[in-house]
Amino acid sequence: MSATAGASVIPGRFAGRHAIVTGAASGIGAAVAGRLVAEGAAVAGLDLDWAGRTHLPGVIRIAVDVRDPASVEGAVAAAVVALGGPPDTLVNAAGVYLVRSLLETTPEAWDDVQAINLRGPFLVSTAAVRAGMGPGVIVNLSSVAAYEGSSGEPSGAYNASKAGVSNLTRQMAAEWAGQGVRVVAVAPGVIDTPMLRMMDDPIAGLAYLDASVPLRRLGTAGEVAAVICFAASAEASYLTGTTIVVDGGLLAE
Amino acid sequence: MTARTGDDRPRVAVVTGAAAGLGEGVAARLAEDGWAVALLDINPAVEVTAARLAATNGLPGGRLVPMVVDVAEADAVGDALTAVLDAFGSLDLLVANAGIGGPSDDVVDIDVDAWDRVMAVNLRGAFLTARSAARAMRRQGSGVIVLLGSMFGQDPVAGGGAYSASKAGVEALGRSLALELAPDGIRVNTIAPGNMATGMHWEELRYRASRSGRTFEEEVAAARADVPLGRHGTGTDIGAVVAFLASDDASYITGQTISVNGGILRR
């Protein structure tokens, strides 16, 4: 797969825009933050851990624990100050993956996945809207896992959290359309990111996944970032409350 | 959005149902982006549309080619696609947009000929144009196909069963095509519009007004109020999504339906 696939920068598309990206230190979040900067946006990157991240030029780094309301409140306030105004763009990319059968999933592990993947977007989005967002766009990260169950790679806590994100997207869209806030979810398929390496057997898993995708390859973080940036752009001004699936044809089968 | 590198030849698109409405909006966007476009329509007014878009964009002669074609006629579709390939040498994008609204009767009252005509234009037409386009794209090893579905294909309503079934069929057709053409590097997706500012929608609202006792203007206001974003969609909205799907930014999207409905469907 090409490292540049989907990475055709559109200069100035986000000029003058103020963006917050959670999970911006790695994976899809980093790809989105980088592309928004390249296309002219001021970007505040929120992440739990910025240690060791040196190659995201232009991204304002702010620490956050998306599970914690006080931390989220403080991080969004810091972002508003750093950006010079409330955000008009929010990408909720922070997330965690967990491969574990339901019978082996402890209540604590279940809660932590929901807290990061579902409570996180709820807390950050409401904080952004309270901080004065609107008009604007929120893009949430769902997943093809929102639509599927799987015995081969059981990830029930993750799947449920992502189904929740797609529904949360519909509800936010309904509640905030009146103030000019569009809300769209992007649901990636199997993307070559650090989260994928959380699989039990990455090497065997990657080969299997490659062969099971109709386009016969994994997606790249850049390709997902490209779709997120489209959803956040004026070109998508009539899209809200919907989920765009980016999966190389996985769900079509 | 993304220019093809390596030569100055414009990318080539076929848009069906291009004389007016969403198809015209799509053709206008592609013309603006520098594509060569064959505009197909059963309505000879497509010639006026093509001339107008060429003048608006200051395009050289022959860049926008109108063709009067009934997409339900297999031979006519095959001939048209052959003519496009002869004229431009390649086919990079098909937008199968031609469609009719059909009867608003309950299914038990639908005239069989009216049902057949809806299926012929909306579903058979998409099949015939996609098939011809896919054959050419397979030879090239590249291409993008966009089909026009509808929110009524995703979420059928009482009265409009023929249209809903035809558009649900289009979505299923798109998925089969996506799976079959993925190995050739050809992506296939469906766009599902909502309440759009087109003749087809105004016609439906006039019909509703004739039944409800409300005025046409009141029906328009009600249809607009149903949309969370508070406006009807336009051909410009659909053209923007087509431009995205045709670009490398959508390189990992295939077999999908993109809802472009201002939030009306909420899914």
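**Reading the labels**

Modeller: From the N terminus on, chain A runs β-α-β-β-α-β-α-β-α-β-α-α-β. That comes to six helices and seven strands. The model is predicted: local features need pLDDT of at least 70, side-chain atom pairs count only at pLDDT 80 or more, and totals for chains, interfaces and linings use all residues. Residues are numbered from 1 along each chain as its sequence is written, while chains are lettered from A and ligands numbered from 1 in the order in which they are written.

Biologist: What makes a stretch a helix or a strand in chain A?

Modeller: Both are DSSP runs, numbered from the N terminus: a helix is H or I over at least four residues, a strand is E over at least two. By that rule chain A has its six helices and seven strands.

Biologist: Why does A:Asn140 count as buried?

Modeller: Buried means 20 or more other C-beta atoms within 10 Å of the residue's own; exposed means 12 or fewer, and partly exposed is in between, with C-beta atoms placed from the backbone. A:Asn140 has 30 C-beta neighbours inside 10 Å, so it counts as buried. The residue sits in strand β5 of chain A. In chain A, 53% of the 253 residues count as buried.

Biologist: Which residues is A:Asn140 in contact with, leaving aside its neighbours within four places in sequence?

Modeller: A contact needs C-beta atoms, placed from the backbone, within 7 Å. With those neighbours left aside, the partners of A:Asn140 are A:Asn92, A:Pro121, A:Val165, A:Leu168, A:Thr169 and A:Ala185. By contrast, A:Gly152 is twelve residues from A:Asn140 along the chain, yet their C-alpha atoms are separated by 26 Å. Across chain A, 74% of the contacts between residues at least 6 apart in sequence join residues at least 24 apart.

Biologist: How do you know which strands of chain A form the open sheet, and in what order?

Modeller: Two strands pair if DSSP finds at least two bridges between them. The order of the seven strands is β3-β2-β1-β4-β5-β6-β7 in chain A, with parallel pairing. At the edges are β3 (59-63) and β7 of chain A, each pairing on one side only. Neighbouring strands of this sheet are turned by 20 degrees against each other on average, direction ignored.

Biologist: What makes β2 and β3 of chain A a pair?

Modeller: Strand β2 (residues 42-47) and β3(A) share five bridges in the parallel sense, so by the rule of at least two bridges they pair. One bridge partner to look for is A:Val59 in β3(A), which goes with A:Val43.

Biologist: How many bridges join β4(A) to β1 and to β5 of chain A?

Modeller: Strand β1 (residues 18-22) of chain A and β4(A) pair over four bridges, and β4(A) and β5(A) also pair over four bridges. Both pairings are parallel. A:Thr22 stands opposite A:Asn92 in β4(A), and A:Leu90 has A:Ile138 in β5(A) as its bridge partner.

Biologist: Why are both faces of β4(A) called covered?

Modeller: In a regular strand the side chains alternate between the two faces of the sheet. In β4(A), A:Thr89 and A:Val91 are on one side, with A:Leu90 and A:Asn92 on the other, and all are buried.

Biologist: And what about the contact between chains A and B: how many residues does each chain give?

Modeller: Chain A gives 31 residues and chain B gives 29. On the chain A side, α4 (156-176), α6 (221-232) and β7 (243-246) each give two or more residues. The most come from α6(A), with four.

Biologist: Which strands stand at the edges of the sheet in chain B?

Modeller: In chain B, seven strands form an open sheet in the order β3-β2-β1-β4-β5-β6-β7, with parallel pairing. β3 (64-68) and β7 (257-260) of chain B each have a single partner strand, so one side of each is left without a neighbour in the sheet.

Note on methods. Contact = placed C-beta atoms within 7 Å. Axes fitted to C-alpha atoms, helices over the stretch in contact; angles between N-to-C directions.
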